[in-house]
Amino acid sequence: MTTPKVISRSSTTSSELDSDYKWGFTIDIDSDLAPKGLSEDVVRLISAKKQEPEWLLEWRLKAFRHWERLQYREPAWANIHHEPIDYQDIYYYAAPATKDAPKSLDEVDPEVLEAFEKLGIPLQERERLAGVAVDAVLDSVSVATTYQDMLEKAGIIFCPMSEAVRNHPELVQKYLGSVVPYTDNFFATLNSAVFSDGSFAYIPKGVRCPIELMTYFRINQADSGQFERTLIVCEEGAYVSYLEGCTAPARKSHQLHAAVVELVALDDAEIKYSTLQNWFPGDKEGKGGVYNFVTKRGLAGGRNSKISWTQVETGSAITWKYPSVILQGDNSTGEFYSVALVNRYQQADTGTKMIHQGKNTKSTIVAKGISAGHGNATYRGLVKMMPTADGAKNFTQCDSLLVGDQCGAHTVPYIEVKNPTAQMEHEASTSKVSDDQLFYCQQRGMSVEDAHFMIINGFCRGIFQELPFEFAMEASQLLKVSLEGAVG
Amino acid sequence: MTQAPTRHERYFADHQALAAASPGPAWLDTLRAAGWERFNAIGFPTARRGNERWKYTAVAPIARVNFAYPFLPPDNVGGPEPDFGFAAVSAAADFDGETGDAIRQHLGRLASFEDDGFAALNTAFLRDVAVVRVPDGSGAPVAVRVNHAATDGPDVEQRYARHPRTLILAGRNANLTVIETYTGPPGPRYFTNAVTEIVVSEGAQVDHYRLLNESPAAYHVGVTRVHQARDSSFSSASFALGTALARNDFAVTLDGPGAYCSLNGLYYTGQGQHIDNLISIDHAQPHCTSRLNYKGILDGNSRAVFGGEVLVRRNAQKSDAQQTDKNLLLSEDAEVDSKPSLLIYADDVQCSHGATAGQIDAQTLFYLRSRGLDLAAASRMLISAFAREIVNTVKPQPLRDYLDSLFDRNIAVKTLPVGR
């Protein structure tokens with residue numbers, strides 16, 4: 001791997017911390033910072049900065065007050081270990097300093113564009129061929145959204161959350177918090193109080209979104225938290241495929257990322273949500289890295305609706321994330337495909353929840369965990385069959401692969417069945433990379449490292465196939481980079 | 001977390017009265033006092049946040065009743081069960097002599113009460129211990145049974161708590177079969193708070209059968225702790241017929257290379273019943289093998305909880321672990337909560353687990369009916385086949401026959417499965 005080119009002219013360069021994380025650059029742009037710490041004033045300040053309507057401020061304040069009551073009750077059940085987080089030592093709002101919101105790409109800070117170019121995001125017009133509309137969120141504020149015109153013609157709304165609050169308040173008010181209420185859990189409550197931006201997508205009745213929508217998240221400011229909030233609504237018969245990617249600079253201190261994603265699918269609608277998560281995982285000694293505490297949930301509310309989560313989790317010092325589907329509509333479908341890779345001192349406690357309420361609802365869970373170095377990966381998943389879920393079906397498969405003898409792989413499924421006609425099957429296995437397979441590859445002239453990579457890539461193939469094509473390539477590369485140094 | 005002081009006071013008064021009425025050797029008194037101290041500090045467990053061990057079972061029904069200690073002599077061991085041709089062991093252990101030394105050495109060693117309120121309470125009421133001890137090097141097969149029979153207490157109105165304790169010590173190369181049964185009268189709701197400790201020494205082979213056949217209205221909390229040394233083999237089969245609330249907390253530590261354990265279980269719950277099986281296997285040393293297979297049949301509005309925990313420690317290479325939990329739901333209102341977890345810290349291992357829940361397969365039913373069986377007979381046949389996989393792991397023929405008829409009688413297809 002080449003040493004990363006650091007575009008930063010000041011601040012700590014990533015190379016002194018870690019030369020293997022190629023996304024570890026910082027960008028030197030002026031940030032508009034709220035004071036450190038969380039208080040009612042900060043919540044009001046964020047709301048005022050975003051020129052939000054009264055109802056939203058009220059909602060934030062309700063969340064903040066609820067969070068204050070939860071203050072000392074951070075969830076403790078996950079299989080993760082970290083120093084207590086000082087919530088008063090975090091910047092809750094950091095926006096690139098621009099006087100007005102950018103109207104077009106030309107008004108976006110060139111350094112930000114340079115950063116995104118480095119990230120490889122097709123942000124510019126010339127990237128039309130890639131067929132991706134991007135909403136890039138740097139620290140807390142959406143920077144630019146491409147392809148507005150084309151989407152508008154189809155009646156699709158795809159814009160930063162703050163813009164949606166201004167331009168489509170009725171939609172935001174109707175759906176915000178409808179799937180993940182502000183009382184949901186510690187981190188969702190925190191997010192509800194301080195979320196600064198995120199993406200909003202609305203696909204009207206019968207529309208099939210012509211291109212893939214994409215958001216790119218990046219934490220740039222040191223000691224800042226990122227709290228974005230994404231809301232996607234698919235009306236009857238609509239379809240959308242949504243992609244999300246994340247990176248962060250290499251920092252010695254931990255950064256907090258507590259996002260909330262809400263999906264709503266009405267009758268016959270389908271939402272496909274793909275994530276490529278590559279937050280800074282911490283260095284080789286386990287210093288630094290992002291704490292990724294994310295709440296993602298979809299409501300398959302309509303008949304025959306479908307929500308599909310695909311995630312490739314290679315980054316973050318700690319991942320705490322359970323993309324879930326509430327299968328409320330009859331015949332609705334939920335899917336969860338996941339690859340979670342931990343190396344170095346990373347910890348991942350991730351999985352899903354499938355809550356079957358409607359009749360003949362179906363869910364499929366395929367989770368692959370790869371543990372290397374000193375990493376610990378836990379699959380934690382709930383399948384719940386409610387009394388109304390006649391004829392519901394679930395199939396769960398979790399496989400774990402161990403690379404090296406200092407890592408751990410854990411499987412903790414929760415199965416709750418309250419309906420005798422529901423069927424559920426769960427199977428899981430844990431093993432290391434087969435010696436026979438390795439021997440065969442090596443005997444054909446491959447290096448140990450290449451052989452490992454090929455076998456691991458094959459192990460994840462089923463999941464990568466669920467990703468949109470360009471993402472699948474990137475995921476495979478990411479896997480290779482993340483595994484470097486783990487074998488051989 | 002802690003309960004209302006009045007209930008603790010009742011337990012405390014009984015604990016002190018017991019200490020005064022049945023003073024044991026000094027070490028026993030110390031152990032009792034330590035048990036009480038711990039129980040007083042932590043009380044009964046709650047399903048509060050993060051307490052994954054009690055996630056699906058609330059012990060409030062037990063915690064809120066003012067149970068008294070019956071102060072009965074331990075002459076009730078033997079009980080109404082058939083004897084299966086096995087010699088009975090009395091619970092009136094002799095704390096003197098060589099056996100006394102062995103008891104002192106092992107009692108309370110495996111069943112830690114540090115974070116277990118029930119084990120602490122049992123220890124606070126230590127009086128009668130059923131001891132099964134096979135000395136080192138005696139390879140001759142030994143077969144005994146321990147029956148903890150609850151009888152009606154002196155006061156019909158009062159509810160009683162019993163704290164039976166069993167200590168099984170299998171010496172080197174011992175060959176031991178133990179049947180441990182819990183029975184009780186169908187009278188008022190009583191509470192059995194049992195603790196069993198089993199030490200399986202090097203090369204020993206122990207077959208352990210645990211049969212829970214208490215009153216349908218009783219409460220039962222059983223803690224079983226097994227420690228296995230090198231090259232030992234431990235086979236267990238637990239059978240439980242529903243009680244109002246039953247908990248089977250069964251933990252095995254594989255603490256020597258070559259140790260093997262096979263844990264099987266069958267539980268049946270009917271209307272208003274709740275059963276919670278928490279089965280933990282700790283692979284603490286390399287080259288150990290474990291098999292875990294539990295099956296449940298749920299009827300009425302009953303609820304079954306299964307928690308499986310297989311832990312493979314960092315140095316436990318070449319571990320081989322399999323874990324299965326299968327549940328058959330016979331009623332619309334039954335609920336099963338299953339959590340078969342694997343925690344693995346070593347890489348050269350073969351571990352797998354599986355869990356299923358569902359009703360009787362409609363196609364299989366149809367097949368049998370097309371062959372002329374009526375719905376009830378066909379259902380009975382399939383339920384019986386489902387149960388028999390576990391019953392067939394029982395080696396003593398008289399016990400197997402007894403279990404067959406016991407389960408057949410209880411699962412008499414009161415509610416017909418819905419063949420949708």
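This is a predicted model: local features need pLDDT of at least 70, side-chain atom pairs count only at pLDDT 80 or more; totals for chains, interfaces and linings use all residues.
Across all chains, the count comes to 27 aromatic pairs.

**A pair in chain A**
- Take A:Phe186 and A:Phe187: their ring centres are 5.0 Å apart and their planes meet at 85°, so this pair is edge-to-face.
- A:Phe186 counts as buried, with 3% relative accessibility.

**A pair in chain B**
- Over in chain B, B:Tyr11 and B:Phe44 also make an edge-to-face pair, with 6.3 Å from centre to centre and 70° between the planes.
- B:Tyr11 belongs to helix α1 (residues 5-21) of chain B, while B:Phe44 is in the loop between α2 (26-42) and α3 (60-63) of that chain, so the pair ties together parts that are 33 residues apart in sequence.
- B:Tyr11 is buried, at 3% relative accessible area, and B:Phe44 is buried as well, at 1%.

**The cluster around that pair**
- B:Tyr11 and B:Phe44 belong to a cluster linked by ring pairs.
- Other members of this cluster include B:Phe12, B:Trp36, B:Phe39, B:Trp54, B:Phe67 and B:Tyr69.
- B:Phe118, B:Phe125, B:Phe191 and B:Tyr219 are linked into the cluster too.

**Charges over rings**
- One of the cluster's rings, B:Trp54, has the charged end of B:Arg247 sitting over it, 3.6 Å from the ring centre.
- In chain A, A:Arg60 lies over the face of A:Phe195, at 4.2 Å from the centre of that ring.

Definitions and conventions:
Residues are numbered from 1 along each chain as its sequence is written. Chains are lettered from A and ligands numbered from 1 in the order in which they are written. Side-chain values use heavy atoms; hydrogens and water are left out. Rings of Phe, Tyr and Trp (its six-membered ring) pair if their centres lie within 6.5 Å; planes under 30 degrees apart count as stacked, over 60 as edge-to-face and the rest as tilted. Buried means under 20% relative accessible area, exposed over 50%, partly exposed in between (1.4 Å probe, protein chains only). Helices (H or I, at least four residues) and strands (E, at least two) are DSSP runs, numbered from the N terminus. A charge sits over a ring if NZ of Lys or CZ of Arg is within 6 Å of the ring centre and within 35 degrees of the ring normal.
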